[in-house]
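Here are my notes on this model, point by point. Please keep the structure open beside them as you read.

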Amino acid sequence: MSSPKLSLLMKLIIITFLTGATSLGISLLLTTSGFEHLSGIIKPKSDGSKASHHKLMSADAQNISPATDQMNEVPKAFQGTIVYQAKLKANEKVIALTFDDGPGPKNTAQILEILKKNDIKATFFMVGEMVKYFPQVAKQVAVDGHVIGNHTWHHWYRHMNLATAASEIDRTAEIIYQTTGEKTNLFRPPGGFLNNGLVEYAKNEKYAVMMWSEESGDAERHSPQVPGLVKNVLKYAKPGAIVLMHDGGGNRSKSVKALPEMIATLKAQGYRFVTIPQLLEIQAQEKSIMKAETLRQSVN
Ligand SMILES: [Zn+2]
């Protein structure tokens, strides 16, 4: 039993194993270095802020019912795995912007405006509790054609038993679906913590656990000023990168200000912007082409 097919399979297994080991190393680094923001999610102070926010939203989001039964499914190969970036050919200049911790009362709408102006689709990892407080904003994200991912109900970092982890993720999936019509199998663990019970549950439920390859640093306690945020993102921009930014969890006016320049510079460098499912689909297709070529060569 030593057909070329089999030896290719063995190679793939070895590569998968090695990549998995590296990811584990990185994930341990991430969890120990205290990632993302350390502050909790800011809740709306009063109904007043809600009311003023509603005025900002366009009419079509006010009235839509969750019309679409949209499933932005990621390719099977990524379901139940942890992903930090797409592994693409060096000339495949695509990048995915992601926004966490919203929907928020003000900054989410501002970010949506900028994305619309640039004709860009992004991925928003929403907190269930925030979707409950700001359903119109969540709807607008979906109406604008962006992808929504699950970022738990409370944004807790602490260790959770199975029932709590299940509730954190399932309640959020439910409210995202009820509010926006989007079903999601994208999950991002709050703070990037991989070992507090949430990721274990998410993987069992076949979510793709989406980490990131670049952070703007916009949610750090002493986050950089606008030029620093731009610089952080541009510094490591590469094909297949996943950029972490925030539209919620505090005042994100700096992120809003930094976004147009980030987009303009990356566009000038030849990048186009895709959602996470699109990004993973591109990798899956590249891989299947490569596999077909390798098989053809081994047959010849
Ligand atoms: Zn978060």
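1. Of the chain's 300 residues, 41% count as buried. Buried means that 20 or more other C-beta atoms lie within 10 Å of the residue's own; exposed means 12 or fewer, and partly exposed lies in between, with C-beta atoms placed from the backbone. The model is predicted: local features need pLDDT of at least 70, side-chain atom pairs count only at pLDDT 80 or more, and totals for chains, interfaces and linings use all residues. Residues are numbered from 1 along each chain as its sequence is written.

2. The chain has 11 helices and 11 strands. Both are DSSP runs, numbered from the N terminus: helices are H or I with at least four residues, strands are E with at least two. Take the contacts between residues at least 6 apart in sequence: 84% of them join residues at least 24 apart. A contact means that two C-beta atoms, placed from the backbone, lie within 7 Å.

3. Which residues touch the most other members of the largest nonpolar core? They are Met126, Val209, Met210 and Val243, in a core of 66 residues. Helix H10 (residues 253–268) gives the most to this core, with six residues. Such a core is a set of buried Ala, Val, Leu, Ile, Met, Phe, Trp, Tyr and Cys residues joined through C-beta atoms within 7 Å.

4. Now look at strand S10 (residues 241–246). Six of its six residues are buried, so S10 is largely enclosed by the rest of the structure. In a regular strand, side chains alternate between the two faces of the sheet. Both faces of S10 are covered: Ala241, Val243 and Met245 lie on one side, and Ile242, Leu244 and His246 on the other.

5. S10 has parallel partners. Six bridges join it to strand S3 (residues 94–100), and Asp100 stands opposite His246. Two bridges join S10 to strand S9 (residues 214–215), also in parallel. There, Glu214 has Val243 as its bridge partner. Strands pair if DSSP finds at least two bridges between them. Leaving out residues up to four places away in sequence, Val243 touches Ile95, Ala96, Leu97, Thr98, Trp212, Glu214, Ser216 and Val233.

6. S9, helix H9 (residues 226–235) and S10 form a right-handed β-α-β unit. Right-handed means that, with the strands pointing away from the viewer, the path from the first strand over the helix to the second runs clockwise. In H9, Leu229, Val230, Asn232 and Val233 are buried. These residues cover an arc of only 160° around the axis, which puts them on the same side of H9. The arc is that of the directions from the helix axis to the C-beta atoms. The buried residues of H9 pack against S9, S10 and H10. The face turned away carries the exposed Pro227 and Lys235.

7. Helix H7 (residues 162–180) has 19 residues and reaches 27 Å from its first C-alpha to its last, close to the 27 Å expected. The expected span is 1.5 Å times one less than the number of residues. Its buried residues include Ile169, Ile175 and Ile176. Gly181 follows H7, with a positive phi near 80°.

8. One more pair to check. Four bridges join strand S4 (residues 123–126) to S5 (residues 147–150), which run parallel. Phe125 has Gly149 as its bridge partner. In S5, Val147 and Gly149 point one way and Ile148 and Asn150 the other, and all are buried.
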